[in-house]
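Reader: I'd like to know what stands behind the labels on this one. Can you take me through them?

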Amino acid sequence: MPPAILLALTIGPALAIGMTLWFVNDLLPECIVSEHQRLTAPDSQFDLVTFSRACGATEANIQAALVPQGEEIPFDAASFVSVASNAGLEPAWNANGDIELTLPQGAEIYRQDDSVAGISVIYR
């Protein structure tokens, strides 16, 4: 088979797949993560990060997650608490190495885990 035909048979499908992925990516809402606070754990293993995530037309939210110290919070970070509010969670590490958070009064709670990565979470 001539090289020009092989090239056409290779580039054609690759171009079609690439254009399809580009089109589908435009249909999906882009998530924007806005970091609010970051506190390093007493043992310096993790950073406790509070943030909000906006994916298209989303309601106000505040979340918290643990990430390895110094690392950026990924757009798909798994939060251990998520609340329908834009009020702060007042995060803190206590003397025992536990996490303390203040939940906004009257806000709808989407997620509220009692522990994360073996660390207790205390809600005030």
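Author: What follows goes label by label, from the overall picture to single residues.
This is a predicted model, where local features need pLDDT of at least 70 and side-chain atom pairs count only at pLDDT 80 or more, while totals for chains, interfaces and linings use all residues. Residues are numbered from 1 along each chain as its sequence is written, and side-chain values use heavy atoms, with hydrogens and water left out.

Reader: What makes up the secondary structure of the protein?
Author: There are 1 helix and 9 strands, and along the sequence they follow the pattern α-β-β-β-β-β-β-β-β-β. Helices (H or I, at least four residues) and strands (E, at least two) are DSSP runs, numbered from the N terminus.

Reader: Why is Ser82 called buried?
Author: Buried means under 20% relative accessible area, exposed means over 50%, and partly exposed is in between (1.4 Å probe, protein chains only). Ser82 has 10% relative accessibility, so it counts as buried. Across the 124 residues of the protein, 31% get that label.

Reader: What does Ser82 touch?
Author: Contact means heavy atoms within 4.5 Å. Not counting residues up to four places away in sequence, Ser82 touches Ile62, Gln63, Ile109, Tyr110 and Arg111. Ser82 lies in strand β4 (residues 81-84), and its bridge partner in β7 is Arg111.

Reader: How do you know that β4 and β7 pair?
Author: Two strands pair if DSSP finds at least two bridges between them. β4 and β7 have 4 bridges, in the antiparallel sense, so they pass that cut-off.

Reader: What makes β1 and β7 edge strands?
Author: The open sheet has 5 strands in the order β1-β2-β3-β4-β7, with antiparallel pairing. β1 (31-40) and β7 (108-112) each have a single partner strand, so one side of each is left without a neighbour in the sheet. From one strand to the next, the twist averages 25° (axes are lines fitted to C-alpha atoms, for helices over the stretch in contact, and angles run from 0 to 180 degrees between N-to-C directions).

Reader: Why is Thr40 called partly exposed?
Author: Thr40, in strand β1, has a relative accessible area of 37%, so it is partly exposed. Leaving aside neighbours within four places in sequence, Thr40 is in contact with Phe46, Asp47, Gln69 and Trp93. The C-alpha atoms of Thr40 and Pro68 are separated by 9.3 Å, though these residues are 28 apart along the chain.

Reader: What makes the nonpolar surface patch a patch?
Author: Patches are made of residues with over 30% relative accessible area and no salt bridge; like charges are joined within 9 Å, nonpolar side chains (Val, Leu, Ile, Met, Phe, Trp, Tyr) within 5 Å. A salt bridge is a side-chain nitrogen of Lys or Arg within 4 Å of a carboxyl oxygen of Asp or Glu. Met1, Ile5 and Leu9 make this patch of about 350 Å², and areas come from the Shrake-Rupley method with a 1.4 Å probe; for residues, only the protein chains shown count as cover. Leu9, in helix α1 (residues 3-27), has 52% relative accessibility, so it counts as exposed.
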